[in-house]
Amino acid sequence: MGVTAATPAAAADLGDRGYSKVPAIVARGYDWSGFYIGANAGWGSSHDTWSDDLTGADAGSHSSTGAVAGGQLGYRWQAGAWVFGLEAQGNWADLKGSHLLNEDNTNAHSTLNAFGLFTGQVGYAWNNTLLYAKGGAAVTRTKYEVTYPGGADVSGDQTRWGAAVGAGLEYGFAPNWSVGVEYNHIFANRFATRFYDSAGVTDPDKIGRVGGDSDLVTARLNYRWGGATSAKY
């Protein structure tokens, strides 16, 4: 009888303990959504073709090369593995080059000293690795100079708008940090450029058509907020 009576009580005690299973944590993966700000640096090349605006005669060409550095600000949103974004980028540049215009040692020089990019992006993400293409508008600032053996040099500045396309590969090495490499091509046709002497006086005969496309390769570092890596239950 003692054993039989104790059994329901023991069963009641066991029933009161209850049991709940701890939910498993399921990794959500890297999230590319959010605002980001960053810095970039690298190398660029700009090809400038010169011609006489009055006669249309070819005046040669040269490539200007050098360093670039600047920053970018953008926003991305992710839908599944697809990532979309908008970005504004501004860079200092020092792309310099020159060539001989004629046999009397007259030289043509160009220096691309700044550019900006305003682009949209579409990419595909494999967790914390993002491959993307981009395209939009570009603006460049270039100084052109003609130097003569006897002095009386002339120069002209041009701010030009054009189109830009590019591609990049980015890797998220921490919840809010990523590094990447990016290539951009800027389309810039030749434009009429008026040259001025040191006193700011222009000569109607010193007008040329100058310009060409640019290629840029940069390494990038970004900090993102509003979409860090997370997990869900």
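Colleague: Is Y124 buried, partly exposed or exposed?
Modeller: In this predicted model, Y124 has 31% relative accessibility, so Y124 counts as partly exposed.

Colleague: Which parts does the pair of W82 and Y124 tie together?
Modeller: W82 belongs to strand β4 (residues 82–100) and Y124 to strand β5 (residues 107–126), so the pair joins parts that are 42 residues apart in sequence.

Colleague: Which rings make up a cluster?
Modeller: F35, Y75, W77, F84, W177, Y223 and W225 are linked into one by ring pairs.

Colleague: What about charges, where does R76 lie?
Modeller: Over the face of Y36, at 4.6 Å from the ring centre. The charged end of R76 also sits over the ring of Y132, 5.4 Å from its centre.

Colleague: Changing topic, how many cavities of 30 Å³ or more?
Modeller: The structure holds 1. The largest cavity has about 50 Å³ of space.

Colleague: What lines the largest cavity?
Modeller: S46, D48, L112, T140, T142, Y144, R160, A188, G212 and S214. By class, that lining has 3 nonpolar, 5 polar and 2 charged residues.

Colleague: Which strand gives the most to the lining?
Modeller: β6, with 3 residues. Both β2 (34–52) and β6 (129–147) supply at least two residues of the lining.

Technical notes
Residues are numbered from 1 along each chain as its sequence is written. This is a predicted model: local features need pLDDT of at least 70, side-chain atom pairs count only at pLDDT 80 or more; totals for chains, interfaces and linings use all residues. Side-chain values use heavy atoms; hydrogens and water are left out. Helices (H or I, at least four residues) and strands (E, at least two) are DSSP runs, numbered from the N terminus. Buried means under 20% relative accessible area, exposed over 50%, partly exposed in between (1.4 Å probe, protein chains only). Rings of Phe, Tyr and Trp (its six-membered ring) pair if their centres lie within 6.5 Å; planes under 30 degrees apart count as stacked, over 60 as edge-to-face and the rest as tilted. A charge sits over a ring if NZ of Lys or CZ of Arg is within 6 Å of the ring centre and within 35 degrees of the ring normal. On a 1 Å grid over the protein atoms alone, a cavity is a set of points where a 1.4 Å probe fits but cannot get out, and a pocket is an open set with protein on both sides within 12 Å along at least five of seven lines; lining residues have an atom within 4 Å of a point. Grid points are joined across faces, edges and corners, and a volume is the space filled by probe spheres set on the points. Ala, Val, Leu, Ile, Met, Phe, Trp, Tyr, Cys and Pro count as nonpolar, Asp, Glu, Lys and Arg as charged, and the others, Gly among them, as polar.
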